[in-house]
Amino acid sequence: MNRLARVLLQTVTLGILASSSTATFAQSTATKPTQKPIPKTPVAPPAEISGPQQTKHYPILVIAHGNEPFWSLRLGMKGPERLDRVSYPPIVLEPSDVVQDDSGNFWTYHAKDTATGATVSVKLTREACSDGMSDTKYTFKVAIEHAQIGTLNGCGVSSPEKFPEFRKKNQLDPGDDADPAAKDKNTVLEPITKFAPPVDIAFLDATGKIVVSYGAMKKAVPATGYELSLSHSGKKLIYTHDFAGTNRTIVLYDVDSGRSQDLITGLVHQAFWSPDDSHIAFLKFVDEKWQVWTFPVTAPDQATVFSPQTVLTLHGWASPTTVLASDLENAYWLGEDGKTQQVIPLKQIYGDMYQIMSSDTIRINPVNPDLLLVSAFYTTTPSGAPVDSMGLNSSFFLYEIRSKRRVSLCPTDTWARSAEWSRDGLQIYFTLMGAGKTLATNRIFWDGTGLKRYVAGNSLTIGK
């Protein structure tokens, strides 16, 4: 091959190689996707965790408390369990969810007041806290918001040893697994053991006779009567006795001697002992209206008007100088100076669930004047509940004046009336209608536990 031919061959070969390289590069460029920067994984906000899914990342087994007013809270394995306040029944809480804030410094637990359905939130902040009454430094700052009660502030600390279910789960306490009912037992409410059963009582037996039980002694009062009121000493009983048409007599019965004395006669009834047993308040019909009158026990002839307010029902003494009475519209706290100290609409106390009647009773808790015990008829009879001769079902409930919190205590499948406080304010004694419309007195604790039959009688009054 001559020189010219070799040059031409090399030129053609280089051209083919160049075209091939260019095509390959173009193909590669066309098929390879453009690369983007790898995005940062976003930080997800904390998920809401329901009670059964509670994890160790959320504070549990915490005991919190606060002052003015004094309260305590149990925050268990599923969240808030129980709220306690001095001189009130405990509030059982139903935990729902818990939310942790982005900073991880505080948690908000949500719950429900099982008795009223009111919403409750508990905020725990990981922050040193002092209760202002001791040198103890607590782990958490705690704020409770109850839709009815309001705001409660205090401190908290982890206290696993105070939660029985945790101790049992971790085999720190002997188990109750052998008891098939153990898993159904309420571990939130602790049994009430420190209470004082009545020593002196009076009631109507099955035949309608008045029976007084004073210590170990029991006596039957010769005369008939109703609206019983036993003195705080337990030694004297007053009651209303009917005679001569519409006229009545308020009678005093001395338990020790067994003697009776007529105190006041006329259109009178509903007599109550004062807290020191020195005076008696009663209703008297004068000038076409009922009013509260009083007299010294030793001088019934000195009876005078206690208050000019027209009322229909007297409920007893609220203090040594104040009585509680009502008409069909309001409850009145009447002072001995003739002035009305407080008025609360009965509709506010009763709500829509109960109807207002003059035969209802309202009793003030002996240790907490803010807590009322009301016996009233349902507006609508609960399904399957027994009814009386008027076709009505009666029950009783608790009402807190300041918070307006109302809690029904009596089961809806019963008929109950004439509820009375024990002197320690922890027990409630009430008339229960049984089969055949027989009446008996039962007892229940103010937290709704401990229901039991007490005596085969009704209209119980307690001395001490």
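1. Strand pairing. In this predicted model, strand β7 (residues 119-129) and strand β8 (residues 138-146) run antiparallel and are joined by 8 bridges. One of the bridge pairs consists of Cys129 and Tyr138, the latter in β8.

2. The β8-β9 hairpin. Strand β8 also pairs with strand β9 (residues 150-158), again in antiparallel fashion, through 7 bridges. The two strands form a hairpin, with 3 residues between β8 and β9. Within this pairing, Ile144 stands opposite Leu152 of β9.

3. Aromatic pairs. The structure contains 9 aromatic pairs. For Phe285 and Trp290, the ring centres are 5.1 Å apart and the planes meet at 55 degrees, so this pair is classed as tilted. Phe285 is partly exposed, at a relative accessible area of 27%, whereas Trp290, at 17%, counts as buried because the threshold for burial is under 20%.

4. The Tyr350-Phe397 contact. Tyr350 and Phe397 form an edge-to-face pair, with 6.0 Å between centres and 75 degrees between planes. Tyr350 belongs to helix α3 (residues 346-350) and Phe397 to strand β28 (residues 394-400), so the pair ties together parts of the chain 47 residues apart in sequence. Both Tyr350 and Phe397 are buried. Together with Tyr354 and Tyr378, Tyr350 and Phe397 make up one aromatic cluster.

5. Charges over rings. Arg74 lies over the face of Phe163, at 4.3 Å from the ring centre. The charged end of Arg85 is placed over the ring of Tyr88, at 4.2 Å from its centre.

Methods:
Residues are numbered from 1 along each chain as its sequence is written. This is a predicted model: local features need pLDDT of at least 70, side-chain atom pairs count only at pLDDT 80 or more; totals for chains, interfaces and linings use all residues. Side-chain values use heavy atoms; hydrogens and water are left out. Two strands pair if DSSP finds at least two bridges between them. Helices (H or I, at least four residues) and strands (E, at least two) are DSSP runs, numbered from the N terminus. Rings of Phe, Tyr and Trp (its six-membered ring) pair if their centres lie within 6.5 Å; planes under 30 degrees apart count as stacked, over 60 as edge-to-face and the rest as tilted. Buried means under 20% relative accessible area, exposed over 50%, partly exposed in between (1.4 Å probe, protein chains only). A charge sits over a ring if NZ of Lys or CZ of Arg is within 6 Å of the ring centre and within 35 degrees of the ring normal.
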